[in-house]
Amino acid sequence: MGTAITLDLADDLPPATLRELADQVFAWMREVDARFSTYKPDSEVCRFDRGEVLLSEASADLRFVLETCADLWGATDGFFDAYATGRLDPSGFVKGWAAQVASDRLLAAGAANHCVNAGGDVRVRGCSPSGEPWRIGIRHPWDPMATCLVLTGTDLAVATSGVYERGRHVVDPRRRVPASGLRSVTVVGTDLGVADAYATAALAMGVTGLGWLDRQEHHSHAVVTDEARQYHSAGLPLTS
């Protein structure tokens, strides 16, 4: 889906086991890309959007994503809309969901200490190779070589939606125009798919997204506005 995937396995497991686990993660991410990429005309999501695949014929993964996107549409007052651009594009959920599934599978396989990074959407569990909690840098929205915040934790799902790489690609689904007002939104929770969708929805809301984010239980957030003002919730797991 046009993004880089990185994996850090921090468990003291045999090298062959670590290679096998890594191969499984990357194979899964390639499978997700083949099925959900909006850049590949032959992907399942594109064929479904063109009416070439019926819902009854869709894969279990596609049906799950469509159902979850519908639920997220309701949970976000319609601001997370997989059809906001006029065509089906569930990428605002799929990227985080795919990384979350990869992390869940690693945990089930006995790799309790790891970091999965899907284009800046990060799922960490356990400890880093140093034995300390993971440190996650949030990119500065104007300086690609700097961070604006650093988070720390042992069980975090951190998703960021911003306009600094792809421009104003998130659409306000009510006005059908590119969203404005916020430069970067980071949401922290325990499910990366949900955090990814919430970050996308808040960016689509513009400045009113700040109040909406404040009302989301079990999630914390950090926001940078177009005017370079920075806000973050009290529960954000900042590095001390």
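Helices in this description are DSSP runs of at least four residues, numbered from the N terminus. With that convention in hand, one can turn to helix α5 of this predicted model, which is followed by Gly206, a residue with a positive phi near 75°. The helix itself covers residues 192-205, 14 residues in total. From its first C-alpha to its last it reaches 20 Å, close to the 20 Å expected at 1.5 Å a residue. At the start of α5, a side-chain oxygen of Asp191 comes to within 3.0 Å of the backbone nitrogen of Gly193. The helix is mostly covered, with 13 of its 14 residues buried. Part of its setting is a set of strands: α5 lies across β3, β6 (155-162) and β9 (182-189), and runs at about 30° to β6.

These strands belong to an open sheet of seven strands, arranged in the order β1-β2-β3-β6-β9-β10-β11 with antiparallel pairing. The edges are formed by β1 (5-9) and β11 (230-232), each of which pairs on one side only. Neighbouring strands of the sheet are turned by 10° against each other on average, direction ignored.

On one side, five bridges join β3 to β2 (residues 114-118), and the two strands run antiparallel.

How many of the five residues of β3 are buried? The count is five of five, so the strand is mostly covered, buried being defined as under 20% relative accessible area. The cover extends to both faces: Asp121, Arg123 and Arg125 are buried on one side, and Val122 and Val124 are buried on the other.

Attention now moves to charged side chains. The structure holds nine salt bridges. One of them pairs Glu44 with Arg35, whose closest N and O atoms are 2.9 Å apart. Is Glu44 buried or exposed? Glu44 counts as buried because its relative accessibility is 9%, and the cut-off for buried is under 20%.

Elsewhere, salt bridges that share partners join Glu31, Arg35, Glu44 and Asp61 into one network.

The backbone holds some further points of interest. Most residues other than glycine have a negative phi. Against that background, His218 can be picked out, with a positive phi near 70° in a residue other than glycine. Where does His218 lie? It is found in the loop between α6 (209-214) and β10 (220-225). His218 counts as exposed because its relative accessibility is 72%, and exposed begins over 50%.

Ala228 likewise has a positive phi near 70° and is a residue other than glycine. Its place is in the loop between β10 and β11. At 49% relative accessibility, Ala228 counts as partly exposed. The reason is the cut-off, because exposed requires a value over 50%.

Terms used. Residues are numbered from 1 along each chain as its sequence is written. This is a predicted model: local features need pLDDT of at least 70, side-chain atom pairs count only at pLDDT 80 or more; totals for chains, interfaces and linings use all residues. Side-chain values use heavy atoms; hydrogens and water are left out. The expected span of a helix is 1.5 Å times one less than its number of residues. Buried means under 20% relative accessible area, exposed over 50%, partly exposed in between (1.4 Å probe, protein chains only). A polar contact is a pair of N or O atoms within 3.5 Å; within protein, one must be able to donate a hydrogen and the other to accept it, and residues adjacent in sequence count only if both atoms are side-chain atoms. Two strands pair if DSSP finds at least two bridges between them. Axes are lines fitted to C-alpha atoms, for helices over the stretch in contact, and angles run from 0 to 180 degrees between N-to-C directions. Contact means heavy atoms within 4.5 Å. A salt bridge is a side-chain nitrogen of Lys or Arg within 4 Å of a carboxyl oxygen of Asp or Glu.
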